[in-house]
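Let's walk through this one together, starting with the overall fold and then zooming in on one pair of helices.

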Amino acid sequence: MTKLFVTGATGYIGGDALKAIIDAHPEYEITALVRNSDKGAQVAAVYPKVSLVYGDLDSTDLLTKEASKADIVCHFANADHAPAATALTTGLATHPASNPGFLIHTSGTGILLYADIRSATYGEASPKIYDDLDNVAEITSLPDDAPHRPVDKIVLGAGEEFGGRVRTAIVCPPTIYGSGRGAGNRVSHQLPELCRVTLERGYGVQVGKGLTRWGNVHVHDLSDLYVKLVEEAAAGGSTAEWEGKPAVWGEQGYYFCENGEHVWGELAGVVAREAKGMGLIGGEEVRSLTGEEADGCLAWGSAMWGANSRGRAKRARVVLGWKAVGGTIEEDVRGALEVQARALGMVKGHAVKAAGDA
């Protein structure tokens, strides 16, 4: 029986992916890390067959122990927690080379923001697009000051360090949208926060000229990629050895996951127009923020809305036959606004006065 160990089971990404994996393979034996009894109860209420262990990402001995017992580890939690990544790869390394352990690690295309962050250039367009198939080496050799890069290096180095006893894949999602289906958090981050700020201020916001681009993907499509990788690992990682075929695991096992891209300023306009149409704000105006002002709205808002993150998900499509079928991010705006309006206690038809208005 295939044994999985998962982190982030009540998070937005991990919760949705766990549901997708269980729906596709109820026969898998799954153990989930949860922080406390409240989180455990959320998982147990929906998935009574999932075994629970209690701890957090600093519980490195526990992570190593559980990873050593698993065939596959799905690390859906914090992409920047180096001790956890080290503990998980160390546990998987107890496998023999004839029966390697598999790690599916979640990073993020924030790793592509480093050039704009270095130059503090926010709101400007960039022609640079990264390719995870033909030019994957460019992504796996990004500079150490790129976000997420330190932990990416731990994961990428595990195969070489442990002599083939550990096979790794890094999933690198961009802006994620859509309602999650998990047992905990079902709300994403970048678009909902843009909606929140729009409702609070009464107008749309963009960083600088609003010309920056990010890839995007529906959370259900992202989960489908995780399912495909888990299935490939459960089959023994066979396609990693096909002569002449692109690698699935290891040094080249790096996966963007996108269904197109958006321009942040244009999306801000969609949010403002939709909010006005719903009676939540009084106009369709979009105002420019400086990087510092954006950071005051959202942690790293200058980068999250004002830097470029452009990558093409070729490897998943070519190697695993993955395809995105979800709706567009623009189609998700209304639902995201409704969630934020409820959270803010707003009543439909009540216009929010813009800051500075008399």
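The protein's secondary structure comes to 14 helices and 14 strands, where helices (H or I, at least four residues) and strands (E, at least two) are DSSP runs numbered from the N terminus. Keep in mind that this is a predicted model, with local features needing pLDDT of at least 70, side-chain atom pairs counting only at pLDDT 80 or more, and totals for chains, interfaces and linings using all residues. Residues are numbered from 1 along each chain as its sequence is written, and side-chain values use heavy atoms, leaving out hydrogens and water.

Of the 358 residues, 55% are buried (under 20% relative accessible area, with a 1.4 Å probe and protein chains only).

Now for the helix pair. Helix α8 (residues 190-201) packs against helix α14 (residues 333-343) at about 60 degrees, their axes 9 Å apart. The axes are lines fitted to C-alpha atoms over the stretch in contact, and angles run from 0 to 180 degrees between N-to-C directions. On the α8 side, Leu191, Pro192, Cys195, Arg196 and Leu199 make the contact, meeting Val333, Ala336, Leu337, Gln340 and Ala341 of α14 (heavy atoms within 4.5 Å).

Conventions: Buried means under 20% relative accessible area, exposed over 50%, partly exposed in between (1.4 Å probe, protein chains only).
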